[in-house]
Amino acid sequence: MNKKWIKAAGVRAIKTMAQTAVAMIPAAATITQVDWITVAGTVALAGALSILTSVAGLPEVEE
């Protein structure tokens, strides 16, 4: 793993985490009804899984 891989994997993980958060929030009728602990846990899990998936290879850094 080099700097290029870490940057690409990080960008992918952040995008995945943002998409997961956006997908979970509309499940509640109002913003006060959002279960933020569940959202945070799911977002963290999505980020970890994204990094683990990136270990298999990233097209952006393959030569």
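Two residues are in contact when they have heavy atoms within 4.5 Å of each other. In this predicted model, that definition shows where helix α1 (residues 3-24) packs against helix α2.

**Packing of the two helices**

- Helix α2 spans residues 36-55.
- The axes of α1 and α2 are 8 Å apart, and the angle between the two helices is about 145 degrees.
- The crossing in which α1 passes α2 is right-handed.
- On the α1 side, the residues that meet α2 are W5, A9, G10, R12, A13, T16, M17, T20, A21 and M24.
- Their counterparts in α2 are T38, V39, T42, V43, A46, G47, S50, I51, S54 and V55.

- S54 is located in helix α2.
- The relative accessible area of S54 is 3%, so this residue is buried; the cut-off for that term is under 20%.
- Leaving aside residues up to four places away in sequence, S54 touches W5, A9 and R12.

**The salt bridge**

- The structure contains one salt bridge.
- It joins the side chains of E60 and R12, with a distance of 3.0 Å from N to O.
- This pair connects distant parts of the chain, since R12 belongs to helix α1 and E60 to the segment after α2, 48 residues apart.
- E60 has a relative accessible area of 41% and is therefore partly exposed.
- R12 is likewise partly exposed, because its relative accessible area is 34%.

**The segment after α2**

- E62 also lies in the segment after α2.
- With a relative accessibility of 56%, E62 counts as exposed, because the term applies over 50%.
- E62 and W5 stand 57 residues apart along the chain, and their C-alpha atoms are separated by 9.0 Å.

**A nonpolar patch on the surface**

- M1, I6 and V55 make up a nonpolar surface patch.
- Together, these three residues have about 370 Å² of accessible area.
- V55 belongs to helix α2 and is also among the α2 residues that meet α1.
- The relative accessibility of V55 is 51%, so V55 counts as exposed.

Technical notes: Residues numbered from 1 in each chain as written. Predicted model: local features only at pLDDT ≥ 70, side-chain atom pairs only at ≥ 80, totals over all residues. Heavy atoms only, no water. Patch = residues over 30% accessible without salt bridge, like charges linked within 9 Å, V, L, I, M, F, W, Y side chains within 5 Å. Areas by Shrake-Rupley, 256 points an atom, 1.4 Å probe, with all protein chains shown as cover. Salt bridge = Lys/Arg side-chain N within 4 Å of Asp/Glu carboxyl O. Helix = DSSP H or I, 4+ residues; strand = E, 2+ residues; numbered from the N terminus. Buried < 20%, exposed > 50% of the residue type's maximum accessible area, 1.4 Å probe, protein only. Axes fitted to C-alpha atoms, helices over the stretch in contact; angles between N-to-C directions. Left-handed = near helix turned anticlockwise from the far one by under 90°.
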